[in-house]
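User: I would like to learn how to read a fold from a model. Please take me through one, feature by feature.

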Amino acid sequence: MKRQPMYFTIESSPIEVRHGLACLLACSAMRDLDECARGTAEIVLAEVLNNIVEHAYSEQKGSISIALCDLGAGVEVVVTDQGRAFPQEQLPQGKLPPIDTTADLPEGGFGWYLIRTLVKDLTYRRLQSTNHLSFVLPGAVTAADLF
């Protein structure tokens, strides 16, 4: 059963994202997720929001709008911003970077892999000057879902 969406706005700064993420995770739609799914939601939302701050807005400030809708078996998330579009207006492939087991892990390259692995129905489109990213966070997650 789809319920009325809840709306949030976060300013594009690391501190605001941290505070906003706490508010998102405390809302009723997120409280209904099982413990593992809440952890997954936190990872995904942190990656998405931090990517917007770092890449879409980069050197400028702006707002990030988030709509959450409790679907019963998960949470539909729609994130919009007026930052830069993705290159070619397409999401990154989300392939893992090469890992050298004798060296330190590479910096970056894991975020879109995690997002693509942990959500369902991931879509992106650019309408006029607005990025629209939507996905569904599952309501229950098992270890098997993570690999």
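User: Which residue of β5 does Y124 stand opposite?

Analyst: A word on the source before the answer: this is a predicted model. To find the residue opposite, look across the pairing to the partner strand. Y124 faces L133 in β5. Another such pair is R125, which stands opposite H132 in β5. The strand pairing here is that of β4, residues 120-127, with β5: the two run antiparallel and are joined by six bridges.

User: What links β4 to β5, and which residue there has a positive phi?

Analyst: The hairpin of β4 and β5 has two residues between the strands, and Q128 takes a positive phi near 55°. The hairpin of β2 and β3 can be read in the same way. There, three residues lie between the strands, and G72 has a positive phi near 90°.

User: In what order do the strands lie in the sheet?

Analyst: The five strands make an open sheet in the order β1-β2-β3-β5-β4, with antiparallel pairing. β1 (6-11) and β4 are at the edges with a single partner strand each, so one side of each has no neighbour in the sheet. From one strand to the next, the twist averages 15°. Helix α1 packs on this sheet, where it touches β1 and β2, and its direction makes about 165° with that of β1. Along the sequence, the pattern is β-α-α-α-β-β-α-β-β, which comprises four helices and five strands.

User: How many bridges does β3 make with β2, and how many with β5?

Analyst: Take each pairing in turn, then pick out facing residues. β2 and β3 are antiparallel and joined by seven bridges; in this pairing V79 of β3 is the bridge partner of I66. β3 and β5 also pair in the antiparallel sense, over eight bridges. V77 stands opposite F135 of β5.

User: Which residues have the most contacts inside the largest nonpolar core?

Analyst: Start from the membership of the core, then ask which elements supply it. The largest nonpolar core has 36 residues, and M30, I66, V77, V79 and F135 have the most contacts inside it. Elements that each supply at least two of its residues include α1 (14-26), α3 (35-57), α4 (111-118) and β5 (130-138). The largest share, eleven residues, comes from α3.

User: Is N51 buried or exposed?

Analyst: Compare the residue's relative accessible area with the 20% cut-off for buried. N51 is buried because its relative accessible area is 17%. This residue is found in helix α3. Setting aside residues up to four places away in sequence, N51 touches A56, W112 and I115.

User: What share of the accessible surface belongs to carbon and sulfur atoms?

Analyst: Read the total first, then the share by atom type. The accessible surface comes to about 8800 Å², and 53% of that belongs to carbon and sulfur atoms.

Conventions
Residues are numbered from 1 along each chain as its sequence is written. This is a predicted model: local features need pLDDT of at least 70, side-chain atom pairs count only at pLDDT 80 or more; totals for chains, interfaces and linings use all residues. Side-chain values use heavy atoms; hydrogens and water are left out. A nonpolar core is a set of buried Ala, Val, Leu, Ile, Met, Phe, Trp, Tyr and Cys residues joined through side-chain atoms within 4.5 Å. Buried means under 20% relative accessible area, exposed over 50%, partly exposed in between (1.4 Å probe, protein chains only). Contact means heavy atoms within 4.5 Å. Accessible areas come from the Shrake-Rupley method with a 1.4 Å probe; for residues, only the protein chains shown count as cover. Two strands pair if DSSP finds at least two bridges between them. Axes are lines fitted to C-alpha atoms, for helices over the stretch in contact, and angles run from 0 to 180 degrees between N-to-C directions.
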